[in-house]
Amino acid sequence: MALIESVLGDIVQEPLDAIVNAANSRLLGGGGVDGAIHRAAGPRLLEACRRLNGCATGDAKITPGFDLPARHVIHTVGPVWRGGAEGEAELLASCYRRSREVAAENQLKSVAFPAISTGVYGYPPNAAAEIAVATVRESAPDSVELVRFVCFDRPTVAIYAALVAA
C-alpha cells in the first residue's frame, strides 16, 4: 500500500516521478493548475499533448515532464460539477483511478495530485477530497509507493490532511 500524504505547495515544483494535471479535454493548456503546468514544463509539453488527440472525462494520458522537476505529467480530465446527479462522483473517482493505473503501467513510484475539478469546474472541495482519498486508498497494489496531494492553499490542505489521517 502506498504512503499517502498531503502538503501545502505548488505542484509544478514537485520532484516526483509524475505530477497529475487537472486538464481540459483538449489537453492544450488552460487556466489554473493546467496553465501553470504548461508554463512550467515549456512548449514541448504542448506539442506532446497535441499528439494525444485529447482525453475523455475520467480518463488519463501521460507525457514527459520536460522542464518540470517531475519526470512525467499524467493528464486527467475531471468532471464539471452540475449538482451531483450527473455521474460527477464516478467520473472524479475515475480520474484518480486511471491516473494511478497510468502511473503503474509506466512503473512510476511517486505521484502528486492536485485537487481535481475543484477550481473552475466547481466541484465542492470537501466532497472532491473524500473521493480522492478514498479512491487512492482503494487502488489495487501497484508500483506506486507515494501518493502526495499537493494543495495550493491552507483550507484545502486541512481538508486533505484530516482525511489522510483518518
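A: Helices (H or I, at least four residues) and strands (E, at least two) are DSSP runs, numbered from the N terminus. The model is predicted, so local features need pLDDT of at least 70 and side-chain atom pairs pLDDT 80 or more, while totals for chains, interfaces and linings use all residues. Residues are numbered from 1 along each chain as its sequence is written, and side-chain values use heavy atoms, without hydrogens or water.

Q: Which element gives the most to the lining of the largest pocket?
A: H1 does, with four residues. Strand E2 (18–23), helix H1 (32–41) and strand E6 (146–151) each contribute at least two lining residues. A pocket here is an open set of points on a 1 Å grid where a 1.4 Å probe fits, with protein on both sides within 12 Å along at least five of seven lines, and lining residues have an atom within 4 Å of a point.

Q: How many residues line the largest pocket, and which lie nearest its centre?
A: The lining comprises 27 residues, with Ala 22, Gly 32, Val 33, Asp 34 and Gly 119 nearest the centre.

Q: What classes do the lining residues fall into?
A: There are 14 nonpolar, ten polar and three charged residues in the lining of the largest pocket. (Ala, Val, Leu, Ile, Met, Phe, Trp, Tyr, Cys and Pro count as nonpolar, Asp, Glu, Lys and Arg as charged, the others, Gly among them, as polar.)

Q: On to the helices: at what angle do H3 and H4 pack?
A: Helix H3 (residues 88–105) and helix H4 (residues 125–138) pack at about 40°, their axes 9 Å apart. Axes are lines fitted to C-alpha atoms over the stretch in contact, and angles run from 0 to 180 degrees between N-to-C directions.

Q: Which residues make that contact?
A: H3 supplies Ala 89, Leu 92, Ala 93, Tyr 96, Arg 97 and Arg 100, and H4 supplies Ala 128, Ile 131, Ala 132, Thr 135 and Val 136 (contact means heavy atoms within 4.5 Å). Eight of these residues are nonpolar, one is polar and two are charged.

Q: How far apart are the axes of H4 and H5?
A: The axes of H4 and helix H5 (residues 154–165) are 10 Å apart, at an angle of about 35°. Their contact has ten nonpolar, one polar and two charged residues.

Q: And where do H1 and H2 meet?
A: Ile 37, His 38 and Ala 41 of H1 meet Pro 43, Leu 45, Leu 46 and Cys 49 of H2. By class, six are nonpolar, one is polar and none is charged. The axes of H1 and helix H2 (residues 43–50) come within 5 Å and cross at roughly 115°.
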